[in-house]
Amino acid sequence: MDTRIGDQKGSPEMAPKRVSESVTSQTGTTCTPARDVVYIKVHKTASSTLQNIFYRFGDEKDLTFMLPANGFYVEGVDKFKPSGVLKPPPGKQYNILANHARFFYEDFKKIMPADTKFVTLIREAASHFSSVYSYRVLKRLYKVELEGFSLNPKFYFEKYDLNRKGRVYGGRDPELYDLGFDKKDMNSSTKVDNYIKFLDKKMDLVLLTEYFFESVILLKDLMCWDLQTIVHLNSKIRVPLGKEKGANTLQTNSTKADALTNRLNKWNDGDFKMYDHFNRTLWKKIEAYGRDRMESEIAELKDLTQRYEDECMSGIKVRDISYWSGPIGLKEYVIRKGKEQNMTCKRLGMSEPEFVDYLQKKHKTRLQG
Ligand SMILES: Nc1ncnc2c1ncn2[C@@H]1O[C@H](COP(=O)(O)OS(=O)(=O)O)[C@@H](OP(=O)(O)O)[C@H]1O
């Protein structure tokens with residue numbers, strides 16, 4: 001396999017493969033890379049790390065993204081709002097949705113090509129909730145720190161959140177909410193169970209944050225992609241700033257932390273159940289894929305990623321987001337001098353806001369013909 005870190009403008013052997021080119025796997029089977037995908041980007045699940053993979057793939061191949069007309073969110077709280085997204089260029093159909101959007105299966109199914117794959121990424125419930133609580137500074141909404149909230153979540157939820165309407169939500173079972181489940185039904189275990197069954201039927205793959213490497217290898221297999229496509233650098237890694245270090249984050253290795261985790265899991269019992277279900281299905285898929293094969297591909301992916309990082313990046317910087325999200329920053333990458341025009345490096349190093357802005361501009365240029 002040619003793993004040179006190329007630039008689209010470089011010599012032919014360095015150019016990324018055309019979409020229609022087939023890929024031969026290590027087991028010798030041949031397939032044609034899929035290019036139509038709806039990725040439901042659930043908040044705080046490492047979703048930006050995964051999004052960068054879809055963005056790079058689609059941008060390299062000049063595919064058509066379903067992009068918000070403004071900002072990062074595909075609008076629609078109860079139903080999809082077509083006016084909130086940029087239209088496809090004349091004669092084109094959308095290929096990829098990889099922005100935050102609630103899961104409106106029927107609407108997306110109608111607009112996307114027939115062979116579209118549906119995928120999502122979810123995270124273990126308690127650490128997810130704690131990440132959401134910190135990032136969205138939910139102590140401002142609930143007027144209490146995470147620990148206090150966890151002692152009586154129903155009270156705070158019903159007082160401050162139940163009747164609020166909005167795309168962004170962190171009250172109870174936020175992952176199920178992003179995946180389209182109605183927050184008023186969170187109390188019904190039958191409805192939760194049925195919704196998990198529905199997701200199981202509609203999703204071609206549910207990735208798990210905690211097994212990110214295994215998950216992206218399965219994604220590669222589902223999409224018939226090569227290893228380069230799933231190289232990734234981690235995005236939105238929180239860096240505490242100032243003296244509030246550690247506030248509202250889930251500490252590990254203490255009885256107090258275990259008790260908090262248990263309370264958060266209990267409160268988010270829908271997300272907990274959903275994770276448990278898809279944890280089992282993921283491991284079945286890993287077994288079917290072959291553990292040895294999985295391990296060796298993960299090792300190869302890690303090596304390759306390290307090569308990309310060494311060749312493209314000279315270090316990291318911290319984007320201060322304390323103006324809205326409390327005293328935290330997000331880790332971002334600094335492109336090595338001389339690599340600024342190398343599209344492979346540029347795409348890999350772009351943060352979500354930079355990439356969305358770049359894709360929106362590119363899309364609008366295509367709309368003008
Ligand atoms: N590869 C990989 N594996 C495991 N965890 C990872 C990975 N990449 C990012 N992260 C963690 O994901 C959190 C950010 O999630 P998102 O990118 O979904 O955030 S956002 O919704 O787009 O704001 C954030 O978690 P918290 O620090 O707990 O908030 C990141 O540290």
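Author: A helix here is a DSSP run of H or I with at least four residues, a strand a run of E with at least two, and both are numbered from the N terminus. Ala69 is found in the loop between helix H1 (47-60) and S4. The model is predicted: local features need pLDDT of at least 70, side-chain atom pairs need 80 or more, and totals for chains, interfaces and linings use all residues. Numbering starts from 1 along each chain as its sequence is written, and side-chain values use heavy atoms, leaving out hydrogens and water.

Reader: How many helices and strands does the protein have?

Author: The protein has 15 helices and nine strands.

Reader: What does Ala69 touch, beyond residues up to four places away in sequence?

Author: Contact means heavy atoms within 4.5 Å. By that test Ala69 touches Gly84, Val85, Leu86, Gln360 and Lys364. Pro82 is 13 residues from Ala69 in sequence, and their C-alpha atoms are 9.8 Å apart.

Reader: What makes Val42 count as buried?

Author: Its relative accessible area is 0%. Buried means under 20%, exposed over 50%, and partly exposed in between (1.4 Å probe, protein chains only). At 0%, Val42 is therefore buried. Val42 lies in the loop between S3 and H1. Among the residues that Val42 touches are His100, Thr120, His128, Glu175 and Asp178.

Reader: Which share of the whole protein is buried?

Author: Buried residues make up 51% of the 369 residues. The accessible surface (Shrake-Rupley method, 1.4 Å probe) comes to about 17300 Å². Carbon and sulfur atoms hold 51% of that surface.

Reader: Why are S3 and S5 called a pair?

Author: Two strands pair if DSSP finds at least two bridges between them. S3 (residues 37-40) and S5 (residues 117-122) have four bridges, so they pair. The sense is parallel. Tyr39 stands opposite Val119 in S5.

Reader: What makes S5 and S6 a pair?

Author: Four bridges again, in the parallel sense. Ile122 has Leu208 in S6 as its bridge partner.

Reader: Where do these strands sit in their sheet?

Author: The sheet is open, has four strands and runs S4-S3-S5-S6 with parallel pairing. S4 (96-97) and S6 (205-208) are at the edges, because each has a single partner strand, and one side of each is left without a neighbour in the sheet.

Reader: How do you know that both faces of S6 are covered?

Author: Leu205 and Leu207 on one side are buried, as are Val206 and Leu208 on the other. Helix H11 (residues 269-289) lies across S5 and S6, at about 105° to S6.

Reader: How do H8 and H11 pack?

Author: Helix H8 (residues 189-202) meets H11 at an angle of about 35°, with axes 10 Å apart. Axes are lines fitted to C-alpha atoms, for helices over the stretch in contact, and angles between N-to-C directions run from 0 to 180 degrees.

Reader: Why is the crossing called right-handed?

Author: A crossing is right-handed if the near helix is turned clockwise from the far one by less than a right angle, and left-handed if anticlockwise. H8 passes H11 in the right-handed way.

Reader: What classes of residue make the contact of H8 with H11?

Author: Five are nonpolar, four polar and three charged. Ala, Val, Leu, Ile, Met, Phe, Trp, Tyr, Cys and Pro count as nonpolar, Asp, Glu, Lys and Arg as charged, and the others, Gly among them, as polar.

Reader: What makes the phi of Asp173 stand out?

Author: Most residues other than glycine have a negative phi. Asp173 has a positive phi of about 50° although it is not a glycine. Asp173 sits in the loop between H6 (153-160) and H7 (174-178). Its relative accessible area is 0%, so Asp173 is buried.

Reader: Why is Lys236 called partly exposed?

Author: Its relative accessibility is 24%, so Lys236 falls in the partly exposed class. Lys236 is in the loop between H9 (212-223) and S7 (238-240). Its phi is positive too, near 55°.

Reader: What joins S8 to S9?

Author: Seven bridges join S8 to S9 (residues 328-335), and the two run antiparallel. Asp320 stands opposite Gly329 in S9. Helix H12 (residues 291-312) packs on the sheet, touching S8 and S9, and makes about 85° with S8.
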